[in-house]
Amino acid sequence: MTLAVRLLRALLAFSVILTSYLVQLGLARVFARRLGSPAREPPGWLVARRARVDQNNARRLLRVMLQLRGVFIKLGQVLSIMGGFLPRAYGKELEQLQDQVPPHPFSDLEAALRASFGRSAGELFASIERTPLAAASLGQVHVARLRDGRKVAVKFLYPGIRGIIAVDLRVLRLAILVYKRFVPVGRIERVHESLVDLLRRETDYLHEAACMERMAQNFEGDAGIAFPEVIHELTTRDVLTMTFMEGIKITRLDALRSAGVEPSDVALRLVQAFYKMLFADRFFHADPHPGNFLVAAQRAEEGGGFRLVVLDFGAICEARDELIDGLLDILKGIFAQDDAAVVRGFRRMGFVAPGGNDALLERTVKTYFAKLLKIRDRTPAALMRARPEQLERLADPELERGELQELMRSFEYPEDWFYVERACVLLFWLAAQIDPNLDTMAAGFPYLMPLLAQREAKSGAGSDGSSPASRRSPAD
């Protein structure tokens, strides 16, 4: 479809969804007035109607995302995991996008090979499978053999995807502007800016190749983590060729057990690797969904155990020191039950807007975390099982509506927080699927402390030989 038609179709779909909820809201207000109090329970037929509206809109959203693909597939994958912000019907429908992205025909991709190398697939590879191994929102992967017999994975960027992304981002920018009218959080448009930057990275395979090699270097000497190797002579901005990595998909728990690998051990290694990336290296995987990790069980002669295989490095990001140091302050405060440390971390991260109500902000943050720390079960599964009204009780019950509006104006969306927040939500959701009883903070924080001590020692001695410029993301 043309870009103009694509834009029109996206706007039409979202308009229909918005209109259906406005009608439901209007009916709810009419019957609230008739009942004489908004606190009274609405009639049963209205509750049933709302459930039908949610279900129909969830299916409508899934259908349009599958039709439009591109950015909307990626957006749907994230929304399927962050189910607490949407009616349950959305999570159930959109989770299909995790593994069922429709592939493009191989004939569409052969043009990328000719444009990149001036040769056909038959001239470049000894063989290549025309059916994709995996299809994602921006590209897909095919298995091939090199002339020397090596098995490789070839990742193709979909033709014309950069133009499609430009149109999709216009729609999302409009949605953010509408959202900002209802939720006045400072600099919320940084979400759009961050998404633009993220998609720029994910559509440049030379950048991805550099990130792959840099992250592998960060884990050099760790036998428990494995990364593909780049085949540079067959890699361009639109085509990425890398060594093929064998393994079991990380969420296939029965297959893991059959291979002699305990899922709880996998979840622990996954969380510890993520903590190292985020807090020690400050260079982390911002798209840790199930399709980006394999588990390679090792034979007895190889020492037994398993290796965690990391895939897909287009969404690798570098985090600012102020952001991560503030997050560390919050984690330390949670462990020590020190709400003052939590507030300091919150400020350090950049959440406090200039001219905001500092006293109100501090009171609310302290109250929130004071209640949160009383929760005995902090596992991801426990929080995912919690009903919305249970989580709402964590908020300050004494906060007046006017204070709440002022509080929202006191917040600012920090630079780069989009990446960190997205990665944490995806990673901890994934860990909960593998081991629902894992306390991610207790598992990761003790492991992290020696790494941070080493980092501080190197930084203080100036022995790492790096400058701020050398620590930038390879594409920046």
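1. The crossing of helices H12 and H13 is left-handed. By class, the contact between H12 and H13 comprises 8 nonpolar, 3 polar and 4 charged residues. This is a predicted model, and the points below should be read with that in mind.

2. The geometry of this pair is as follows. H12 covers residues 321-336 and H13 covers residues 339-349; they pack at an angle of about 165°, and their axes are 7 Å apart. Because angles over 145 degrees count as roughly antiparallel, H12 is roughly antiparallel to H13.

3. Which residues form the contact? On the H12 side they are Glu322, Leu323, Asp325, Gly326, Leu327, Asp329, Ile330, Gly333 and Ile334. On the H13 side they are Ala341, Val342, Gly345, Phe346, Arg348 and Met349. An α-helix has 3.6 residues a turn, so residues three or four places apart point the same way.

4. Burial in H13 can be set beside that contact list. The buried residues of H13 are Ala341, Val342, Val343, Gly345, Phe346 and Met349. After H13 comes Gly350, with a positive phi near 100°.

5. Helix H11 spans residues 263-281, which is 19 residues. From its first C-alpha to its last, H11 reaches 26 Å, close to the 27 Å expected at 1.5 Å a residue. Is H11 largely enclosed or largely open to the outside? Of its 19 residues, 14 are buried, so H11 is largely enclosed by the rest of the structure. Just after H11, Arg282 has a positive phi of about 60°.

6. Met65 lies in helix H2, residues 44-68. Its relative accessible area is 1%; the cut-off for a buried residue is under 20%, so Met65 counts as buried. The C-alpha atom of Met65 is separated by 9.2 Å from that of Leu94, and the two residues are 29 positions apart along the chain.

7. For the protein as a whole, there are 19 helices and 11 strands. Buried residues are 47% of the 476 residues. Among contacts with a separation of 6 or more, 71% come from residues 24 or more positions apart.

How values were computed: Residues are numbered from 1 along each chain as its sequence is written. This is a predicted model: local features need pLDDT of at least 70, side-chain atom pairs count only at pLDDT 80 or more; totals for chains, interfaces and linings use all residues. Side-chain values use heavy atoms; hydrogens and water are left out. Helices (H or I, at least four residues) and strands (E, at least two) are DSSP runs, numbered from the N terminus. The expected span of a helix is 1.5 Å times one less than its number of residues. Buried means under 20% relative accessible area, exposed over 50%, partly exposed in between (1.4 Å probe, protein chains only). Axes are lines fitted to C-alpha atoms, for helices over the stretch in contact, and angles run from 0 to 180 degrees between N-to-C directions. Angles under 35 degrees count as roughly parallel, over 145 as roughly antiparallel, 65 to 115 as roughly perpendicular and the rest as oblique. A crossing is left-handed if the near helix is turned anticlockwise from the far one by less than a right angle, and right-handed if clockwise. Contact means heavy atoms within 4.5 Å. Ala, Val, Leu, Ile, Met, Phe, Trp, Tyr, Cys and Pro count as nonpolar, Asp, Glu, Lys and Arg as charged, and the others, Gly among them, as polar.
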